[in-house]
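Subject: A structure for you to look at

Dear colleague,

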Amino acid sequence: MTKFTVEVADTDAERAQGLMHREHMPKSAGMLFIFERPQRAAFWMRNTPLPLDLIFIDKTGVITNIHENAIPFDETTIPSRGRVLAVLEVNAGTSETFGFAVGDQMQHPAFDPDAAAWPCP
């Protein structure tokens, strides 16, 4: 099991700001973008100087896709594959370091406790 300290972005304003203009993020830290309901999501790296991995997560906490090493300042859209409830942004290389893969499960109170693959303790 791997644990991260995450900042939660669960309002429109927080999601719009994201990690823009941040030049450093500690290892085992990240930002968890949580939506009101599952939806298709798309991100870009405008004004974001940190290279990031974007981990797309469904309402049960299961990883649906991972975009590794998003390029700083790139405005190319990075889409989810299907509907997601959350996206976790972590430092680039984190997914490979910890061996994250599609189908892995994450725990957080945001995931539906009745449907969660792994309920949060």
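What follows goes from the whole chain to single residues.

Please keep in mind that this is a predicted model, in which local features need pLDDT of at least 70 and side-chain atom pairs count only at pLDDT 80 or more, while totals for chains, interfaces and linings use all residues. Residues are numbered from 1 along each chain as its sequence is written, and side-chain values use heavy atoms, with hydrogens and water left out.

The whole chain

The protein has 2 helices and 7 strands, where helices (H or I, at least four residues) and strands (E, at least two) are DSSP runs numbered from the N terminus. Read from the N terminus, the order of these elements is β-α-β-β-β-β-β-β-α.

As for its overall dimensions, the C-alpha trace spans about 40 × 30 × 20 Å along its principal axes. The radius of gyration, which is taken over C-alpha atoms, is 13 Å, and this agrees with the value near 14 Å that a compact globule of 121 residues would have. The globule rule behind that comparison is 2.2 Å times the number of residues to the power 0.38.

Of the 121 residues, 40% are buried; here buried means under 20% relative accessible area, exposed means over 50%, and partly exposed lies in between, with a 1.4 Å probe and protein chains only. The accessible surface comes to about 6900 Å², and 51% of it belongs to carbon and sulfur atoms; these areas come from the Shrake-Rupley method with a 1.4 Å probe, and for residues only the protein chains shown count as cover.

If we take the contacts (heavy atoms within 4.5 Å) between residues at least 6 apart in sequence, 72% of them join residues at least 24 apart. There are 10 positive and 16 negative charges, and their mean positions are 4 Å apart. In that count Lys and Arg are positive and Asp and Glu are negative, whereas His and the chain ends are not counted; each charge is placed at NZ of Lys, CZ of Arg, CG of Asp or CD of Glu.

Aromatic rings

F98 is partly exposed, with a relative accessible area of 38%, and F4, F98 and F100 form one aromatic cluster.

Two residues with a positive phi

Most residues other than glycine have a negative phi. H21, however, has a positive phi of about 70 degrees although it is not a glycine; H21 lies in the loop between α1 (12-17) and β2 (29-39) and counts as exposed, because its relative accessibility is 54%. S28 also lies in the loop between α1 and β2, and its phi is positive too, near 60 degrees. At 32% relative accessibility, S28 counts as partly exposed.

Is G30 buried or exposed? G30, in strand β2, is buried, because its relative accessible area is 4%. Leaving aside neighbours within four places in sequence, G30 is in contact with T5, V6, E7, M25, E89 and V90. V6 lies in strand β1 and is partly exposed at 29%; beyond residues up to four places away in sequence, V6 touches G30, L32 and L88.

Technical notes: Rings of Phe, Tyr and Trp (its six-membered ring) pair if their centres lie within 6.5 Å; planes under 30 degrees apart count as stacked, over 60 as edge-to-face and the rest as tilted.
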